[in-house]
Amino acid sequence: MKIELNIIPMGDIDDDIIEVLKQKLKERNFLVRVYAKTELPKTSLNEYRKQYNADIIIDTLRNLKGTIIAITDADLYTDKLSYIFSTVEYDGPALISTYRLDPEYYQEKPNFNLLIERLVKEIIYSTGRIKGLEDCQHPKCLMHKITCVKDIDFEEMDFCKECKINNALKGVNL
Ligand SMILES: [Zn+2]
């Protein structure tokens, strides 16, 4: 059975990114619906930090039905962490930022394909967490929790053996 994903573009996210992501996810057998682009809640902006509070944004997504993956270009933080790549809750929404996944953030040359690959990995990881999969210790596994872009680039576009078994047991067809 295909997994239904509801993608919510937020902030000034590039339409091209969303369009290519949609294609890539369809190739991986997801059923993808893209919502109209929405603004980030004004209350989530911290003017001093020039960052957006992910907890406040996530709160605005909770009432939406289905598997919700919001994607924004904004730099995110939480009350506990000075920056995050993404945040996700079991059975709840996920929020992913392109800001620190973009090679240009690290003064590297533009690399659209690498950005898309990182986003696809983050989306699959987030969907796994929404569906009840746990973080995995194997650094090459898609369910490995990343702390930097090196971590995500080291991952393969696949699950480790244990996670594949777990997916099957939970009936998650990722
Ligand atoms: Zn694993």
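Visitor: Which residues touch the most other members of the largest nonpolar core?
Guide: Happy to start there, with the reminder that this is a predicted model. The largest nonpolar core holds 40 residues. Those that touch the most other members are Ile69, Ala70, Leu95 and Met143.

Visitor: Which element gives the largest share of this core?
Guide: Several elements give two or more residues to the core, among them S1, H1, S2 and helix H2 (54–61). Strands S5 (68–72) and S8 (94–97) and helix H3 (112–130) also belong to that list. The largest share is six residues, and the element it comes from is H3.

Visitor: Leaving aside neighbours within four places in sequence, what is Ile69 in contact with?
Guide: Ile69 is one of the residues that touch the most other core members. With neighbours within four places in sequence left aside, its contacts are Leu5, Asn6, Ile7, Ala94, Ile96, Ile123 and Ser126.

Visitor: In what sense do S1 and S2 pair, and which residue stands opposite Val34?
Guide: Strand S1 covers residues 3–10 and strand S2 covers residues 30–34. The two pair in the parallel sense over five bridges. Together with H1 they make a right-handed β-α-β unit. The residue opposite Val34 in S2 is Ile7.

Visitor: How far apart are the end C-alpha atoms of helix H1?
Guide: Helix H1 has 13 residues, 15–27, and at 1.5 Å a residue it should span 18 Å. H1 is followed by Asn29, whose phi is positive, near 75°.

Visitor: Which strands are the edges of the open sheet of three strands?
Guide: This sheet has the order S3-S4-S6, with mixed pairing. Strand S4 (residues 51–53) and S6 pair in the parallel sense over two bridges, and Tyr52 stands opposite Leu76 in S6. An edge strand pairs on one side only, which holds for S3 (45–46) and S6 (76–77).

Visitor: How many helices and strands does the protein chain have, and what is its radius of gyration?
Guide: The secondary structure comes to five helices and eight strands. The globule rule gives 16 Å for 174 residues, and the chain's value is close to that, so the chain is as compact as a globular protein of that length. Along its principal axes, the C-alpha trace spans about 45 × 35 × 30 Å. The radius of gyration is 15 Å.

Visitor: What percentage of the contacts with a separation of 6 or more joins residues 24 or more positions apart?
Guide: Of the 174 residues in the chain, 34% count as buried. Among contacts with a separation of 6 or more, the part from residues 24 or more positions apart is 58%.

Key. Residues are numbered from 1 along each chain as its sequence is written. This is a predicted model: local features need pLDDT of at least 70, side-chain atom pairs count only at pLDDT 80 or more; totals for chains, interfaces and linings use all residues. Helices (H or I, at least four residues) and strands (E, at least two) are DSSP runs, numbered from the N terminus. The expected span of a helix is 1.5 Å times one less than its number of residues. Two strands pair if DSSP finds at least two bridges between them. A crossover is right-handed if, with the strands pointing away from the viewer, the path from the first strand over the helix to the second runs clockwise. The radius of gyration is taken over C-alpha atoms; the globule rule is 2.2 Å times the number of residues to the power 0.38. A residue is buried if 20 or more other C-beta atoms lie within 10 Å of its own, exposed if 12 or fewer, and partly exposed in between; C-beta atoms are placed from the backbone. Two residues are in contact if their C-beta atoms, placed from the backbone, lie within 7 Å. A nonpolar core is a set of buried Ala, Val, Leu, Ile, Met, Phe, Trp, Tyr and Cys residues joined through C-beta atoms within 7 Å.
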